[in-house]
Amino acid sequence: FLRPAEKVILDNIKRLGYATEEQLVYWSTYHVSTVSRALSSLQDLKFVKSEKAVRPNIWKLTWKGGRVIDRTLSWNLRKPSWSVMAHAVHRNQCEIVLREEHPDFTDFMFLDRQDLFRLGLNPSHGEHWGVQDEKIIFVLLDDYMMGSDRITQAISRKQRANKNQSNFKNTVSWSTLFNRFIVASTKKEQLERHHRWINRNGLQAEVLYVPGIWD
């Protein structure tokens, strides 16, 4: 009973978790007016809802919408924090910036956290992973005024698999897995600090500026 545009939007929110309308337009083949109407219809059906305290609004699935597209919602029992939702939106924007500004990332997408858990990984806040041309890309995304020492800590941190999510027993670190390391930030001054830290410590890392959505 869902229109094609509505189904595409639900599928995209299923993958992204949280997204702005502009991001949902990017990840569809539809005009902004079509996406806007589809979101309104899905909201009337109580399949999606928006956080209207900020503009642009953040869209997310409801429990009812998650059930329709077979998505288990981790926030069923408690409301997600602002930092979790905002970071997800900035992660989406990082994905878009990589695809739009770097010719070698034309079809890049981050893996879902649940996929990483099943692989025996246990990512912390800001740690994201994707595959491009069969190479593992590790992105550390700073949208919360992260200290630059976190860069070194993130790649060396030993990760133990979540016993409820994976049968893997090995302890691994990001540095033994990735082929390419990118430090991204929504603040240019932060990125400059991170760049100096990377050079000072001789790290093999690139930097990427991702414009903040609510700056």
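Modeller: Asparagine 92 lies in helix α5, residues 82–101. Helices (H or I, at least four residues) and strands (E, at least two) are DSSP runs, numbered from the N terminus. This is a predicted model: local features need pLDDT of at least 70, side-chain atom pairs count only at pLDDT 80 or more, and totals for chains, interfaces and linings use all residues. Residues are numbered from 1 along each chain as its sequence is written, and side-chain values use heavy atoms, with hydrogens and water left out.

Biologist: Is asparagine 92 buried or exposed?

Modeller: Asparagine 92 is buried, because its relative accessible area is 0%. Buried means under 20%, exposed over 50%, partly exposed in between (1.4 Å probe, protein chains only).

Biologist: What is asparagine 92 in contact with, leaving aside neighbours within four places in sequence?

Modeller: Leu16, Tyr18, Ala19 and Gln23. Contact means heavy atoms within 4.5 Å.

Biologist: Switching to the sheet. What order do the strands have?

Modeller: The order is β1-β3-β2, an open sheet of 3 strands with antiparallel pairing. Two strands pair if DSSP finds at least two bridges between them. β1 (18–19) and β2 (48–51) are the edge strands, each pairing on one side only.

Biologist: Which residue in β3 is the bridge partner of tyrosine 18?

Modeller: Lysine 60. β1 and β3 (residues 58–61) run antiparallel, joined by 2 bridges.

Biologist: And what is isoleucine 13 in contact with, again leaving aside neighbours within four places in sequence?

Modeller: Leu24, Val48, Trp59, Lys60 and Leu61.
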